[in-house]
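Colleague: I am new to this structure and would like to learn how to read it. Could you take me through it feature by feature?

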Amino acid sequence: MSNSTIKESRKHFSRMQRQENLVGYAFITPALIAFLVFLAFPFFASIALSFTKWNFLSGWSKLQWVGLDNFAKILQQFAKKRRFYDALINTFVYAVTTVPTSIAIALVLAYMLNNKVYCKKALRMAFFIPYISSAVALSAVFKFMFRDDGVINSTLISLGIANPPDWFVNQSLNKIPIILLVIWTAIGYELVIYMSALQNVPASLYEAADIDGAGSAQKFWYVTLPLVSPTTFYLVIVRLIASFKIFSSINIMTLGSAAKTNTSLVVEIYAEAFGSYNFGFAAAESMVLFVIILLITLINFAGQKKWVHY
Amino acid sequence: MKKTIAFLMALLLMISALPLAMADEAAPDITSWILAEDPASISGTVRFWIPFKGSQGMDDMIAEFNQTYPNVKVELTTYNNNSDGNVAVNTALMSGEIDVLASFGLANAYKRWENGLYMPLDSYIEKYGIDLVANWGTDVYKYEDTYYTFPCGGLSYYVSINMTDWNEAGLGELPTEWTWDEYLAASEAMTKRDENGNTVLYGGSNYHSQNYYNYVWYQVYGHDMYYGEDGYTNFTDPLILNSLKRNIKADNEDKIWFPLATYRGDNLQTQDVFTSHTAASAISPNMVRFLRDQENYNTPWITGFAPWPVEEKGQTNYMAGVSNFSHAGIASNANPDNLEAAWYWLAWYSTYGSRYLIVAGHQSSWKGTDLSGLVDLVFGSEEEAAKLIDVESFKRVVVNYDNPPYYDSILTAYAKVNSLVAEYTLYAHQGVMSAEEAMQQLKELADEAIDDAL
């Protein structure tokens, strides 16, 4: 082949490549624009806002650079155990209670549904429905159920408990309705993921365990759990992130007046931004939340080597 | 002698006639600025936002306006006066969806003045020579020396009483003046308990807002419920502290008042508790709105009215009049093509139109309001009213414009202080901290907010 032919074919090839690339870019452009507009820009704008004092009602002209003042105020609130401190503690409580509980329940249910069970599809759907239902509607229903004169207390009274608790007033109990709602709605998604994971566990391993004389509990502990550990790891990360962002259930159930003992970080960020219009301070709080979630995720990734079996 | 007597009598008559003549000259004309010279020539569409529905007097108000201004179309939008509703309003203000807005509560109005969401009215006030004191009794509601709204909506504060429970408890005539101790004693008398000692009917209730215990300051001093003489907050003053403790005791210890913590925890409102006969009486500024809505709030009893209790008998009761509550103004992003129409709507709504607020349980604070026929406006007729309420106590207590109202003169960091009050009051009611601790911390934080604002 002559040099000119080679050059021609190279030119032709790179022209084709360019055209293909352009087509590729054209396909990803809508998604890229959406990503830039709805994710990237707000994220970087938020970082910038966290160093300012700004009330969005007053317009851009009143934006004021304050450096690290917002973060200093957050530390102060933390030191004096004010609202931010309460929100942080409550958020950790929500994470620690809802994540392992929902995952454990989902795994047990998935394991049961993976065996021969009547109405498997209907049961699967029944558990999945809360996940796809409107969070606002579910929160309103739970709010109604846990009211002083709601279904839960009426049931407790009929069971002989003369003074059932005032769930949303009692500072020790006002997290419980929220925790129960979060667990109930999370189970559906985790169940479906686990069912898919369980179906990928080779049956031959269970047969081998049978031959070795393992009982059901031992098979579950030594075969099932390790083999679904990557799925468990994925769910832990996803659920932890979601639990740190808990908002709609608290906001609806308390209708904007979350108490000291059941507020969360995102509820406080929302109140600071849209209640007090301190967008700069709210952005700083959201940066702190981002760093906390990032650290927890990194710790989980570092720790996965010990218990996740690929 | 006779001539002397005749001369003296004539002199006496002349002297007695002088005050009348002077009064005629001194009384300001508070109506000359309101109407356009040629109302029919004013045209446009005014987007008016208020938390009341058309059926709560607003449709009738607009219809009456259109009798004078037939070419101005007023589009009513009803918004929820809660935290999310007010966020929606602020967003709508910024995006230019509102021409005239009625803000409810000083905290909401203050935020909007502070952030330039209302158009300054100073040029109109100057052009038309509007005397705010003569029109609405005060000229203090401004921000940085600029007026943004007219304080045309008011509230009267009263105790609504289930007369069946009142009479069963043998409490006699409705009081024309009573103290807090007397109201608590009446609440105790009307409270009913089951065999286990649990309250099944609360004798009384304060309003479901977290700051009603602060209103004792208004009652005693007539102004500025959050602020002391030094311009800083008064939360550790014995008057406020005792009021808070009194509320907490009635709610949580004696259990004769429907608890504030349950109101907030279960998101209930006072009208729900009173009209469902969970409480025999309740302090409220707007119960009338619900009493006339028998379809949704059926009350198979006669409701009587008693005034706001006082700290000590014989004190002037600044809570017994009609005090400013809502503020109306033109949005800073109002449609410039309809500005003239928006101004004349504002002028009319904040004066003649504001009397329709009574249908929704509020009041007009305009000094030129025609007080005759207010019962008919709310209930249709006195005969219809008598089926639901004690008409005499309604006129004496609810629509009594003779009693002095309270005013605010200090507004520093008002919105922030108000929000802190809501937070720390609940802490005290929920037992998270003692009343003293809550008020101490509240004062520290609120004074910091005032310092930031100054």
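Modeller: Gladly! Let us begin with burial: a residue is called buried if 20 or more other C-beta atoms lie within 10 Å of its own, and exposed if there are 12 or fewer. Please keep in mind that this is a predicted model.

Colleague: Which way do the residues of β9(B) point, and are they buried or exposed?

Modeller: T303(B), F305(B) and P307(B) point one way from β9(B), while G304(B) and A306(B) point the other way, and all of these are buried. Strand β9 covers residues 303-307 of chain B, and because five of its five residues are buried, the strand is largely enclosed by the rest of the structure.

Colleague: Which strand is joined to β9(B) by bridges?

Modeller: That is strand β5, residues 158-162 of chain B, which runs antiparallel to β9(B) and is joined to it by five bridges. To find one place in this pairing, look at S160(B), which stands opposite F305(B).

Colleague: How do β3 and β4 of chain B pair with β10(B)?

Modeller: Take β3 to begin with: this strand, residues 100-104 of chain B, pairs with β10(B) in the antiparallel sense over five bridges. Strand β4, residues 150-155 of chain B, also runs antiparallel to β10(B), with four bridges joining them. Elsewhere in β10(B), S323(B) has L155(B) opposite.

Colleague: How many residues of β10(B) are buried?

Modeller: Eight of its eight residues are buried, and the strand is mostly covered.

Colleague: Now for the bigger picture. What are the domains of chain B?

Modeller: The domain assignment gives domain 1 as 39-155 + 323-370 and domain 2 as 158-320 + 406-453. Their C-alpha centres lie 29 Å apart. For the contact between them, count residues on each side: 13 residues of domain 1 of chain B touch 13 residues of domain 2 of chain B.

Colleague: Which elements give two or more residues to the domain 1 side?

Modeller: Those are α4 (106-114) and β10 (323-330) of chain B. The largest share, four residues, comes from α4(B). By class, this side of domain 1 of chain B has six nonpolar, six polar and one charged residue.

Colleague: Why is α4(B) described as largely enclosed?

Modeller: Eight of the nine residues of α4(B) are buried, so the helix is largely enclosed by the rest of the structure. Among the buried residues are L106(B), Y110(B) and W113(B), along with the charged-class K111(B), R112(B) and E114(B). The buried residues of α4(B) pack against α3 (83-94), β3, β10 and α18 (414-430) of chain B. After the helix comes G116(B), with a positive phi near 65 degrees.

Colleague: And how is chain A divided?

Modeller: Chain A has domain 1 (3-49) and domain 2 (77-307), with C-alpha centres 39 Å apart. In helix α1 (residues 3-49) of chain A you will find F41(A). This residue counts as exposed because it has 11 C-beta neighbours inside 10 Å.

Colleague: How do I read a pair of packed helices?

Modeller: Look at the angle and the distance between their axes. Helix α3 (residues 83-114) and helix α10 (residues 229-244) of chain A pack at about 145 degrees, with axes 9 Å apart. The crossing of α3(A) and α10(A) is right-handed. Residues making the contact include Y94(A) and V99(A) of α3(A) and L235(A) and L240(A) of α10(A). By class, the contact has eight nonpolar, five polar and one charged residues.

Colleague: Finally, how many residues of chain A are in contact with chain B?

Modeller: There are 18 residues of chain A in contact with 22 residues of chain B. The chain A side divides into seven nonpolar, seven polar and four charged residues.

Key:
Residues are numbered from 1 along each chain as its sequence is written. Chains are lettered from A and ligands numbered from 1 in the order in which they are written. This is a predicted model: local features need pLDDT of at least 70, side-chain atom pairs count only at pLDDT 80 or more; totals for chains, interfaces and linings use all residues. Domain bounds come from an automatic or database domain assignment. Two residues are in contact if their C-beta atoms, placed from the backbone, lie within 7 Å. Two strands pair if DSSP finds at least two bridges between them. Axes are lines fitted to C-alpha atoms, for helices over the stretch in contact, and angles run from 0 to 180 degrees between N-to-C directions. A crossing is left-handed if the near helix is turned anticlockwise from the far one by less than a right angle, and right-handed if clockwise.
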